[in-house]
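Morning, everyone. I have one model to walk through today. Here it is on the screen.

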Amino acid sequence: DYIEAEWGIAMLTLHEGKPQEALTKLLQVLEAFRASRGHENPQVAMLTHNVAMACRACNKLDQAINLYSESLKIKKKVLGPEHPFVAVTLMNMGVIYNIQKDFQKAQVTYEEALAIQKENFGDSNPQ
């Protein structure tokens, strides 16, 4: 549907190096998704993750952490706490904590992500 096409265009805009423009579009798409599909479904979780990525690219780190946290909560609920997408969000949160020099939170977050990755892919998988 057209909302998903708008999402794709917004992500293309982000990858083209226009994070503020992408953020504006992604926020509009997120509102449309929430209105049509509710707050707790996998697509809303992924889209919220994408909005957080745009915030990070705009150096809005606190907003990005809040959005990653929201995405994480939804993913854990609808996909399960051991899903690989949960680990991806945790890794992104760890990066921001690292940038903010909150090394304790970064370490805890990275370790949680690593445990999930090992659970899903084993110790020897380079993912």
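Start at Glu40. Setting aside neighbours within four places in sequence, Glu40 is in contact with Ile74, Lys77 and Val78. Contact here means heavy atoms within 4.5 Å. Glu40 sits in the loop between H2 and H3. Helices are DSSP runs of H or I with at least four residues, strands are E runs of at least two, and numbering goes from the N terminus. At 45% relative accessibility, Glu40 counts as partly exposed. The cut-offs: buried is under 20% relative accessible area, exposed is over 50%, partly exposed is in between, with a 1.4 Å probe and protein chains only. Glu40 and Val95 are 55 residues apart in sequence, and their C-alpha atoms are 25 Å apart in space.

Two housekeeping sentences. This is a predicted model, where local features need pLDDT of at least 70, side-chain atom pairs count only at pLDDT 80 or more, and totals for chains, interfaces and linings use all residues. Residues are numbered from 1 along each chain as its sequence is written, and side-chain values use heavy atoms, with hydrogens and water left out.

Now the helix pairs. How do H1 and H2 cross? H1 covers residues 2-15 and H2 covers residues 19-37; their axes come within 8 Å and cross at roughly 160 degrees. Axes are lines fitted to C-alpha atoms, for helices over the stretch in contact, and angles run from 0 to 180 degrees between N-to-C directions. H1 and H2 are therefore roughly antiparallel to each other. On that scale, under 35 degrees is roughly parallel, over 145 roughly antiparallel, 65 to 115 roughly perpendicular, and the rest oblique. The crossing of H1 past H2 is left-handed. Left-handed means the near helix is turned anticlockwise from the far one by less than a right angle; clockwise would be right-handed. Among the H1 residues making the contact are Ile3, Trp7 and Leu14; H2 brings residues including Leu26, Val29 and Phe33. By class, the contact of H1 with H2 has 12 nonpolar, 2 polar and 5 charged residues. Nonpolar covers Ala, Val, Leu, Ile, Met, Phe, Trp, Tyr, Cys and Pro; charged covers Asp, Glu, Lys and Arg; the others, Gly among them, are polar.

Next, H3 and H4. They pack at about 160 degrees, with their axes 8 Å apart. H3 and H4 are therefore roughly antiparallel. H3 passes H4 in a left-handed crossing. The H3 side of the contact includes Pro42, His49 and Val51, and the H4 side includes Leu61, Tyr68 and Ile74. That contact divides into 14 nonpolar, 4 polar and 3 charged residues.

Stay on His49 for a moment. His49 belongs to helix H3. Buried or exposed? His49 is buried, at 5% relative accessible area. Beyond four places in sequence, His49 is in contact with Tyr68, Ser71, Lys75, Val88, Thr89 and Asn92.

H5 passes H6 in a left-handed crossing. Residues including Leu90, Met91 and Tyr97 in H5 meet residues including Phe103, Tyr110 and Ile116 in H6.

Now the core. The largest nonpolar core has 35 residues, and Trp7, Leu26, Phe33, Leu47 and Val51 have the most contacts inside it. A nonpolar core is a set of buried Ala, Val, Leu, Ile, Met, Phe, Trp, Tyr and Cys residues joined through side-chain atoms within 4.5 Å. H1, H2, H3 (42-57), H4 (61-78), H5 (84-99) and H6 (103-121) each supply at least two residues of this core. In soluble globular proteins, nonpolar side chains tend to be buried together. Phe33 touches Ile3, Glu4, Trp7, Gly38, Gln43, Val44 and Leu47, leaving out residues up to four places away in sequence.

Last, the loops. Which residue has phi near 65 degrees, a positive value without being glycine? Asn59. Asn59 lies in the loop between H3 and H4 and is exposed, at 60% relative accessible area. Lys101 also has a positive phi, about 65 degrees, and is not a glycine. Lys101 sits in the loop between H5 and H6 and counts as exposed at 62%.

Glu82 is in the loop between H4 and H5. Glu82 is partly exposed, at 42% relative accessibility. Beyond four places in sequence, Glu82 touches Ile116, Glu119 and Asn120.
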